[in-house]
Amino acid sequence: EIKKEMPENFYEKRRIGENDSYICELIRNDLIKEFVIHVTQNNYYLDSTIVPSIYETNQFLIHNDINRNSNNKMNNNPTLIEYAAFYGSIQIFQYLRFNNVELGESLWYYAIHGNNPEIIHLLEENSVQLNQINVFVESIECHHNDIANYFQNNFLKNNEDDLYYTFQNSLKYYNFSFISSDLINQNSFL
């Protein structure tokens, strides 16, 4: 009975492990022309969220806990612009930005996962609010060390607290590139 309800390509979609909606495919591949046609023909709100998919396997996209709304309500479904930032889809990101989609603080986390420096710089240029230490830790967790270095060099004070916090999170996320030998002592592993 269950097999009758499953689509023919169920196992292929499950193997791929990504949201199977057409709009998600367009965003992942940064197909701007097709994206514009699709959202125009289907009267898509550009600030809408991605419809969840049973095929999605990325835990960040499924269970993120980023607070997007000023009234402190949580929303686990990424918006179109967040999804574009997550996949580093710069053309679609730019299209949404130019069409007045809000650039919220949560975009920093998606952009870090997307590992696209151009999107990081756009957020910076547009003065999108950020929690400096949290985005730094997120980049350590993702092992996107170029972005982590950028945050460390441009936003952190590199005082003793920041250095210890960096050391702690480097261990926690197995990103040993940020472990400084002068911080390793008898108390480091308590």
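The chain exposes about 11600 Å², of which carbon and sulfur atoms supply 46%, the areas coming from the Shrake-Rupley method with a 1.4 Å probe and, for residues, only the protein chains shown counting as cover. This is a predicted model, in which local features need pLDDT of at least 70 and side-chain atom pairs count only at pLDDT 80 or more, while totals for chains, interfaces and linings use all residues. Residues are numbered from 1 along each chain as its sequence is written, and side-chain values use heavy atoms, with hydrogens and water left out.

**Fold and burial**
- The secondary structure consists of 12 helices and 0 strands, where helices (H or I, at least four residues) and strands (E, at least two) are DSSP runs numbered from the N terminus.
- Of the 190 residues in the chain, 43% are buried, a term that means under 20% relative accessible area, with exposed over 50% and partly exposed in between (1.4 Å probe, protein chains only).
- Among contacts (heavy atoms within 4.5 Å) with a separation of 6 or more, 63% involve residues 24 or more positions apart.

**Nonpolar core**
- The largest nonpolar core has 44 residues, and those with the most contacts inside it are Ile27, Phe35, Phe93, Leu96, Leu123 and Phe151; such a core is a set of buried Ala, Val, Leu, Ile, Met, Phe, Trp, Tyr and Cys residues joined through side-chain atoms within 4.5 Å.
- Leu123 touches Phe93, Leu107, Trp108, Ala111 and Val128, when residues up to four places away in sequence are not counted.

**Helix H10 and the residues after it**
- Helix H10, which spans residues 132-141, has Val135, Phe136, Val137, Glu138, Ser139 and Ile140 as its buried residues.
- Just after H10, His143 takes a positive phi of about 60°.

**Cysteines**
- The structure holds 0 disulfides, a disulfide being a pair of cysteine sulfur atoms within 2.5 Å.
- Cys24 is buried, with a relative accessible area of 0%, and Cys142 is also buried, with a value of 18%.

**Aromatic rings**
- The count comes to 13 aromatic pairs, taking rings of Phe, Tyr and Trp (its six-membered ring) whose centres lie within 6.5 Å, with planes under 30 degrees apart counted as stacked, over 60 as edge-to-face and the rest as tilted.
- One of these is the tilted pair of Tyr83 and Tyr87, at 5.0 Å centre to centre and with 50° between the planes.
- Within this pair, Tyr83 is buried at a relative accessible area of 1%, whereas Tyr87 is partly exposed at 23%.
- Tyr83 and Tyr87 belong to one aromatic cluster that also includes Phe60, Phe86 and Tyr110.
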